[in-house]
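Please open the structure in your viewer and keep the selection tool at hand. The tour below goes from one stop to the next, saying what to select and what is found there.

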Amino acid sequence: MDKNFLWGGATASYQCEGAWDVDEKAPSMWDVYLHENNLENGDVASDHYHHYEEDIRMMAEGGQNSYRFSLSWPRIIKNKNGDVNQKGLDFYHGILDACEKYGIEPFVTLYHWDLPQYWEETGGWLNHEVCGAFEHYAKVCYEAFGDKIRNWTTFNEPKWFVVNGYMIGNYPPGLQDPQKTMIAAYNVMYASALGVRVFRAGNYPGQIGIVHSYTPVNGVDDSIETKIAMRYADNYCNNWILDTAALGEFPIDLISVLAKDYDISFISTKELEIIKENTVDFIGLNYYSRTLVKPYTGGETQLSFNHTGKKGESKVLIKNWFEQVKDPNNETTEWDTEIYPKGLEDGLIEAYQRYHLPIYVTENGVGVREDVTVDEVKDEYRISFMNDHINAIMNAQDAGCDIRGYYAWSSFDLYSWKNGCEKRYGLVAVDFENGQTRAPKASYHWFKDVIASQGELIKRRNFN
Ligand code: BGP
C-alpha cells in the first residue's frame, strides 16, 4: 500500500457518543423513536462523549492513522432557527484536537442518520425545507472545523436510511410508502448536492464525498431476464446514490419506470441542475455484502429485515423488478449477511470503471455476539474476514483502481441500529455493563501489524 493510505476504524455519533441529552443537545429522531417504542437505545452507548481521548489514543497505539466519525446535527444546531450550540462545537473540537495530538487524520461525515427531532416533526426528509436546513448545518461545520478537517462526506448511506425508514419501516420514521420513499430519496440527494455546493463556495480546504452502502449486484445466470433483474436491483441498491452524487444524474431508466406508477412532480429542473453541477470529489463505499438476484417470479413486494440475529429472517422481493436470493455455498452471519469478499473486489472495479473517482472503503466488518468479560476476545473470524476483504482491495488496486483508505467497522464496540449492543463489530471490546472499560481484541493487534507492514502481511489469494 501507498504510504498515504488511510487505515482506521469508523463510528457514528448516535451509535457511540451517548450523552444524548447533555450540554444542550437537542433530541434526534432516533432518540425519540427508540424511547417511544421502548427499544434498546444509544442513550449511553459507548459513552464516547466522555471516553474519546482514550479511544483516539488507542487508535494511535493500534497503528491507525485515521478515524472516520460523524458529527451530530442535533448536538450542533439547537433549533429550527439554526442557532448554534457552542458546547456541541466544543465537543467536536475536543475530538479533533485529540486526533491532531495522536497523529490521526479525521474523516468526517456530516449526517449519519441522527436527524434533529425538531425537523422530523415537520416531516423530516419529506419536508423540502430540511434540505436548506442541512445546507446551513453543513456551512456551520465547515466554518467551525474547516482548518482541522480535510476529508468531508455529506451523507452516510442514503439508500440504507431512506429505504429502511420510508419503505421497510424498521427505522424511524417507520413508514412503508414507496411514494414517500422517492420524495425522501430525492430530498436527501438534493441536500447532499447543496452540502457540496456550499463547501465549494466557501473554498474550504480538502475534499468532499458521499458514503454509500454498496451492495454490488450479481445474477444467478447469464440470461437476458436475469440481466434485466440485475439492472433493476442495481438502480434500487446503488445507482440512485452513486450516479447522482458522482455523475450528477439520477438513472434515467429508473425515473422513467417510476414515472409510470408514481407522481414525480416533486423533481425540479432547477434542482437537477444544482445536482449536476455539484458532484463529489471521491466516493466512500461501505461494504458488508453483495446482492445476488434472480428475475421476478410473482407476488407482492416483500421487504423484511433481520434484527433478531436468528438466521433466515431477511427477504427482498420487489414486484416486477427482481428477487434477492441466497447462495447456499457461502457462509452468512446470524443476521443473514453473506460473507463474500469477492464482491468487494468486483464492486470496486465496477465502481472505479464507472465513476473514475478515488475510492475509500469507509466501512467493512462483521457483527457477532461476543463475550467481552474475558481478558482478550480472540476474534479469529474477524481477522479472517478483514484479511479477505483487504485482500480484495489489494486485488482491485492491482487491477488499476485508485483506492485510498480502509476503515474497519467499527473502531470499538458500539450500539447497532435496532440490534442493540449485542451485535458487536469493534476492534476494541467495550464492556457496556461494567464501567465502559475498553480492551483490545486480537483483531486490533493483528490490524496493527498489517498496517505496519503496509498490507504485506495480508494472506493473498485470487478470488476468481
Ligand atoms: C452501516 C451503517 C453503520 C453500521 C453498520 C452495521 O449500514 O453505516 O452505522 O451500523 O452498517 O450495521 P448494523 O449495525 O445494522 O449491523
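Leaving aside its neighbours within four places in sequence, which residues is E363 in contact with? Select E363 together with A10, R68, H112, N156, E157, L285, N286, Y287, Y288, Y407 and W409, and you have its contacts beyond those sequence neighbours, where contact means heavy atoms within 4.5 Å.

Before going on, note that this is a predicted model, in which local features need pLDDT of at least 70 and side-chain atom pairs count only at pLDDT 80 or more, while totals for chains, interfaces and linings use all residues. Residues are numbered from 1 along each chain as its sequence is written, and side-chain values use heavy atoms, with hydrogens and water left out.

Stay with E363 and colour strand β12, residues 359-363, in which E363 is found; strands here are DSSP runs of E with at least two residues, helices are runs of H or I with at least four, and both are numbered from the N terminus.

Next, select helix α8, residues 158-168, and helix α9, residues 178-201, which pack at an angle of about 150° with their axes 9 Å apart (axes are lines fitted to C-alpha atoms, for helices over the stretch in contact, and angles run from 0 to 180 degrees between N-to-C directions). The two helices, α8 and α9, are therefore roughly antiparallel to each other, a term for angles over 145 degrees. To see the contact, show P158, F161, V162, Y166 and M167 of α8 with P178, K180, T181, A184, A185, V188 and M189 of α9.

Move on to helix α14, residues 380-398, and helix α15, residues 442-452, whose axes are 9 Å apart at an angle of about 30°. That makes α14 roughly parallel to α15, as angles under 35 degrees count as roughly parallel. On the α14 side the contact is made by R382, I383, M386, N387 and I390, and on the α15 side by A442, S443, W446 and F447.

Finally, select N238 in helix α10, residues 224-247. N238 counts as buried, at 1% relative accessibility. Apart from neighbours within four places in sequence, N238 is in contact with H212, S213, Y214, T215, P216, V217 and A233.

How values were computed. Parallel < 35°, antiparallel > 145°, perpendicular 65-115°, else oblique. Buried < 20%, exposed > 50% of the residue type's maximum accessible area, 1.4 Å probe, protein only.
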